[in-house]
Amino acid sequence: MKTMIKLQLNGSKNSGLFVECLYDFHFHSAEYQELFESSDATAFQNPIWLIQFYKTMPVARNAKSMIIVGRDSASGKIQFVIPLVKRSFYGIHLIESADLGVTDYASPIVAKDAVELLSRDLVLPQKIAKLIGSFSVLRIKPVRPEARALWNLFFKADFNVTDFSAHAVKMTGPYDVWRQNAFSKSHLKYINRRKNKLDKMGEVKLELLEGDAALDGLAYLKAQRTGRFDGDPIQQSHVEEFYQQVAYLGSNNGYAKNFRLSCDDQTVGIVFCTVFKSRLHYLLIGCDYETYGKCSPGIIMYDMIMQYWCDHGGEIMDFTIGDEPFKFSFGTEPTQMYQMIKTNGIIGLFAKLALRYKYSY
C-alpha cells in the first residue's frame, strides 16, 4: 500500500481517531468489505467498483488518487473511508469525489455505529482539511439527499441542487399485478404491442451473461452505441476498460447484472446493471436498432429486467441520474441530486462561476 507519508504523519489521533490520507487502499480487504456492507453507501462504493475506478480512471484523466481513512486509535478498526481524486489544470487545483464521469452516487463509506461519534468531533473537518492540503475547488458530486449529512461530517460547505434528478421505483410482486397499477394503460399497450411484434420474429429470451460472455456483451453494447450519443463516455478506451472489468468481475458474485435479450439466439440488446442490497441500478444499454428498432427493444428490455428483478426478490429498480422521459413511464419518482462546491482564493471563485455553465470538467 503506497502511503502519502507526509500526510500520514500529520494524521490526528485526537478524540480516539487516527486519520490518514493514502495514494492507495486495499478495497478488496475483508475490513473494507465489512465496512461497506454495514454502511449506508451505494453500489458505486462497492469494492469492485472502487478497485477498477482507481485502477483505470485517474491516470487517464491526469488525476491522482486521494483516499482518506479514519480508524479507531486504540483498536485500529476502520471507521470511514472517503474516496477522492485530485487534479490540476489551467491553474485550478481540484479535489473531488471519486466520480470522473462514471459514478452516479457519491458517498463516504461510514460505519453506522461511528456516525454519532464522528458528528460529535467538531474539529474533524479541520483534520480532514489539514490532510488534503491546499486546493482551488473542492467538489463532491453527485450526492443523494440522504448522503449530505454524511459528507458534512467531513466537509463544511453548502450543497447546491443540480439540474438533473435520479429516478427509481419500488416494486411489489407479483410483477404483472404491480405493473397494471404502476404503468399507464397507454404504456402497457405500447409494451405489449412491441413484445408481440418481437415474438413474431422468433424465440425471445432474456439471460444473464457471466465471465468472458460479459466482456463480449459490453463490447457489443459499445458498438451499438457508437454515434448515437454525443460525448458517450464508453467510447473512450479507459472508460470501456473500467466498465468491462466491473461487468466481468461483478458477474462472479452477483454485483454486476449483464442482461442479454435475444431473438432466435441473435442479440437484440445488452443492458449493464449493478446491485446493492435490494436495489438494481441501470447504467448502460446498447441495442440493434437497425434490425429491431420497430420493436422498441430498449423498452422491452427494461420491462423484462424489472420483472426479473421483482421475481428474484428485488425491490427497487433504479434508473439512476438523468431525466430521460422514458423513466417516468415506468412509474419512477424523481429524487433531486446535489453537489457540494467549496472554493479557496480568487482562482477558486472563478472556477466556481465556470461550474454554473459546465457540470463536469
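Contact here means heavy atoms within 4.5 Å. The structure shown is a predicted model, in which local features need pLDDT of at least 70, side-chain atom pairs count only at pLDDT 80 or more, and totals for chains, interfaces and linings use all residues. Residues are numbered from 1 along each chain as its sequence is written, and side-chain values use heavy atoms, with hydrogens and water left out.

**View 1. Surroundings of Ile68.** Leaving aside residues up to four places away in sequence, Ile68 touches Val19, Glu20, Cys21, Phe80, Val81, Ile82, Leu84, Ile128, Leu131 and Ile132.

**View 2. Salt bridge between Glu31 and Arg71.** A salt bridge is a side-chain nitrogen of Lys or Arg within 4 Å of a carboxyl oxygen of Asp or Glu; the count comes to 16. In this pair the closest N and O atoms are 2.7 Å apart. Glu31 belongs to helix 2 (residues 30-38) and Arg71 to strand 2 (residues 63-72), so the bridge ties together parts 40 residues apart in sequence. Helices (H or I, at least four residues) and strands (E, at least two) are DSSP runs, numbered from the N terminus. Glu31 is partly exposed at 29% relative accessible area, while Arg71 is buried at 17%. Buried means under 20% relative accessible area, exposed over 50%, and partly exposed in between (1.4 Å probe, protein chains only).

**View 3. Salt bridge between Glu146 and Arg144.** The N to O distance is 2.7 Å. Glu146 is exposed, with 52% relative accessible area, whereas Arg144 is buried at 11%.

**View 4. Salt bridge between Arg279 and Asp318.** Their side chains meet at 2.8 Å, N to O. Arg279 lies in strand 11 (residues 279-287) and Asp318 in strand 12 (residues 316-321), 39 residues apart. Asp318 is buried, at 0%.
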